[in-house]
Amino acid sequence: MKAAPFHYHDPGTLDEALGLLATLEDAKLLAGGQSMMPMMNMRFLQPDHVIDINRTEGLAGIREDRAAGLLRIGAMTRQKAIMASDLVAAACPMAARALAHVGHFQTRSRGTVGGSLCHLDPAAELPLVMLLHDAVLTIRSSEGSREQAMADWALAYMLPSIAPEELLVEVALPLSPGWSGAGFVEFTRRHGDFAIASAGCLLELDGSGTIRRAAVGLGGVGQVPMRVPEAEAALVGEKPGEAAFAAAAAATTGVEALSDSYFSAGYRQRLAGVLVRRALAEAAAEATQ
């Protein structure tokens with residue numbers, strides 16, 4: 001199929017893009033287009049206006065902000081650039097591992113960090129990674145700027161906390177998060193497919209090898225990417241090992257899970273526990289090297 005008729009806009013500056021968002025009715029932003037264009041072609045999405053921000057200045061790039069202790073990633077930064085960045089590898093090594101599961105090379109070459117966060121597919125990898133790293137999002141409109149914690153970003157299924165006249169411009173992560181090890185695993189029918197379930201885990205060990213801090217999250221299981229605080233609490237104060245990992249995995253069995261025509265909620269809940277144990281083992285192996 002072909003997309004329904006629409007008006008195309010190509011702003012060169014951020015102010016111009018924000019002005020269009022403020023004045024146009026039923027407008028959608030075009031970033032990488034890896035989700036939006038198929039939805040338009042199948043007419044699941046029929047906007048009156050498409051605002052293409054691919055040539056809008058100042059929305060892409062990765063930079064250190066040492067004064068604030070943050071790594072700043074522009075919303076239009078391509079996923080392949082994140083995978084190749086030494087700065088991202090130092091602050092968020094999980095990102096490249098998670099992005100390796102995203103579609104194929106062509107998908108990652110066009111897909112953007114902002115597009116993935118705003119589309120907010122529950123199976124997407126980047127929202128889970130940013131949730132685990134306590135990212136902070138900068139959002140702009142013609143009225144000004146605001147910051148949004150990633151923990152408060154997902155309101156419901158594919159519904160981020162952003163208004164129609166707003167534009168996500170940047171994602172910020174701690175430059176030195178202090179994590180000792182990271183693990184990310186995903187289960188799909190075949191490589192490149194949407195995740196049936198995924199798990200990401202971060203561990204920080206103290207001098208004695210005890211877990212001082214943990215972050216455990218799930219993607220593809222519920223309506224939004226989620227942290228599992230019960231699993232995190234089960235890990236803190238314990239030594240990395242099968243007993244601690246089993247306790248953390250058991251804490252995931254009660255999470256609210258999606259059910260569809262392919263996989264039941266119970267199946268996803270069981271997968272969640274299995275994948276958390278695997279991700280924790282991966283994180284612990286890195287932390288104890």
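The structure is a predicted model, and the values below are computed from its atoms.

**The sheet**

Four strands form an open sheet in the order S11-S12-S13-S14, and their pairing is antiparallel. At the edges stand S11 and strand S14 (226-227), each of which pairs on one side only. The antiparallel strands S13 and S14 are joined by 2 bridges, and leucine 218 stands opposite methionine 226 in S14. Helix H11 packs on this sheet, where it touches S11, S12 and S13, and the direction of H11 makes about 150 degrees with that of S11.

**The helix on the sheet**

Helix H11 comprises 23 residues, 265-287, which at 1.5 Å a residue should span 33 Å; the C-alpha atoms at its ends are 32 Å apart, which agrees with that expectation. Among the buried residues of H11 are Arg268, Leu271, Ala272, Leu275, Val276, Ala279, Leu280 and Ala283. In an α-helix there are 3.6 residues a turn, so residues three or four places apart point the same way. The cover over the buried residues of H11 includes strand S11 (181-187), strand S12 (197-205) and strand S13 (211-219), together with helix H9 (229-235) and helix H10 (242-250).

**The aromatic rings**

Which residues do ring pairs link into a cluster? They are Tyr262, Phe263 and Tyr267. A search of the whole structure finds 2 aromatic pairs, and the table gives the geometry of each.

| Ring pair | Distance between centres | Angle between planes | Class |
|---|---|---|---|
| Tyrosine 262 and phenylalanine 263 | 6.4 Å | 40 degrees | tilted |
| Phenylalanine 263 and tyrosine 267 | 5.5 Å | 15 degrees | stacked |

The pair of phenylalanine 263 and tyrosine 267 counts as stacked because the planes of its rings are 15 degrees apart, and planes under 30 degrees apart are given that name. For tyrosine 262 and phenylalanine 263 the planes stand at 40 degrees, so that pair is tilted.

Tyrosine 267, at 35% relative accessibility, counts as partly exposed.

**Arginines over rings**

Elsewhere, arginine 213 lies over the face of tryptophan 179, at 3.8 Å from the ring centre.

Terms used
Residues numbered from 1 in each chain as written. Predicted model: local features only at pLDDT ≥ 70, side-chain atom pairs only at ≥ 80, totals over all residues. Heavy atoms only, no water. Expected span 1.5 Å × (residues − 1). Buried < 20%, exposed > 50% of the residue type's maximum accessible area, 1.4 Å probe, protein only. Contact = heavy atoms within 4.5 Å. Phe/Tyr/Trp six-rings, centres within 6.5 Å; stacked < 30°, edge-to-face > 60°. Lys NZ or Arg CZ within 6 Å of the ring centre and 35° of its normal. Pairing = 2+ DSSP bridges. Axes fitted to C-alpha atoms, helices over the stretch in contact; angles between N-to-C directions.
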